[in-house]
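Here's a quick briefing on the model shown below. Have the viewer open and follow along by topic.

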Amino acid sequence: MTLSSSPERSSKRVRIAAATAAVAVGAGLFAAGAASADHAAPRTDKEIPNLTKVTDKIKAYYGDTVDAAGQHYASPDSNYAKQVADIEKKAKAHLEGVVKKNAKNGPVTQGKKAKPAIVLDLDDTTLLSYNYELQVGFHFTPESQDAYLKSTDMSPVFGMPKLVNWAKAKGIEVFYVTGRAEHQREWSARNLKNVGYKPVADPAHFFLKNKKNPPAYLPCGATCTTVEYKAGTRKHIESQGYDIVANFGDQYSDLKGGYADRTFKLPNPMYYLP
């Protein structure tokens, strides 16, 4: 989620020129409108959206706002913010149901007691990469991401700190699972804390890609695809006695592979990660 890019994952990142219709994304894994990649070769130029016009539409969708220093930010009054709020409303209703059920019956999954948990991607799920993307002209590189994360905190995705902090206060454990590289752990944990996420992103609750020393619970080791890495990590979390009641991500690859009772897809028309 996951900008969510370690060098190995980001090398697979597919930048897209998505039309405005590709922006509308609802809650759930197969909701309509996710950014996607079409690898069929266009037969004529008419089949290719004009890149400048697409960029303008993306800016309009995010309610592009420029501060005195020339930095670009998304607006809390934007259509993006409104769409996110609608997804969060659905997610909270689901989590309220979980809390109510557990208060009555105790947390039970597959006949065994398990503590409820949520899993969240980072980039464009908990932290908004819009400012970074505008700085680099939607042209990601590991080097530019490192330079940005070292010195700059990304803004939170509108409303997500409130939802996540509420879940934690209600007894739902919070885990962060990102495709960012292990060496970005300190910068990422700092960012989460500084923008208001109260669940601590300590090593037991914060998973990043570690290509040099992949964990033993991932059979694919250093060669994991995004889906294998994220699903395998969720499987590991559940093996520790948790029931992942909701999984949040901005890419379908954040959400596929099982080990979650329900998925919530956050909108992201800026890039696509297989």
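Predicted model: local features only at pLDDT ≥ 70, side-chain atom pairs only at ≥ 80, totals over all residues.

Strands β5 (residues 115-120) and β10 (residues 242-249) run parallel, joined by 6 bridges. Counting up the whole chain gives 9 helices and 11 strands.

**Around β5**
- Is β5 mostly covered or mostly open? Mostly covered: 5 of its 6 residues are buried.

**Nonpolar cores**
- The largest nonpolar core has 48 residues, and the members touching the most others are Y62, L95, I118, Y176 and F248.
- Helix α3 (residues 79-105) gives this core its largest share, 6 residues.
- There's a second, separate core of 12 residues, with V119, F175, C224 and Y229 among them.
- As general background, nonpolar side chains in soluble globular proteins tend to be buried together.
- What does F248 touch, leaving out residues up to four places away in sequence? Its contacts include I118, V119, L120 and D121, along with A91, T125, M160, L163, L255, F264 and L266.

**Helix α8 and what follows**
- Just past the helix, G241 has a positive phi of about 100°.

**The disulfide**
- The structure has 1 disulfide, and it links C220 to C224 with an S to S distance of 1.8 Å.
- Why call it right-handed? Because the torsion about the S-S bond of C220 and C224 is about 80°.
- Both C220 and C224 are buried, and C224 is also a member of that second core.

**Whole-chain numbers**
- Of the 274 residues in the chain, 49% are buried.
- The chain exposes about 12,900 Å², and carbon and sulfur atoms supply 55% of that area.

Note on methods:
Residues numbered from 1 in each chain as written. Heavy atoms only, no water. Core = buried A, V, L, I, M, F, W, Y, C linked by side-chain atoms within 4.5 Å. Buried < 20%, exposed > 50% of the residue type's maximum accessible area, 1.4 Å probe, protein only. Helix = DSSP H or I, 4+ residues; strand = E, 2+ residues; numbered from the N terminus. Contact = heavy atoms within 4.5 Å. Areas by Shrake-Rupley, 256 points an atom, 1.4 Å probe, with all protein chains shown as cover. Pairing = 2+ DSSP bridges. Disulfide = S-S within 2.5 Å.
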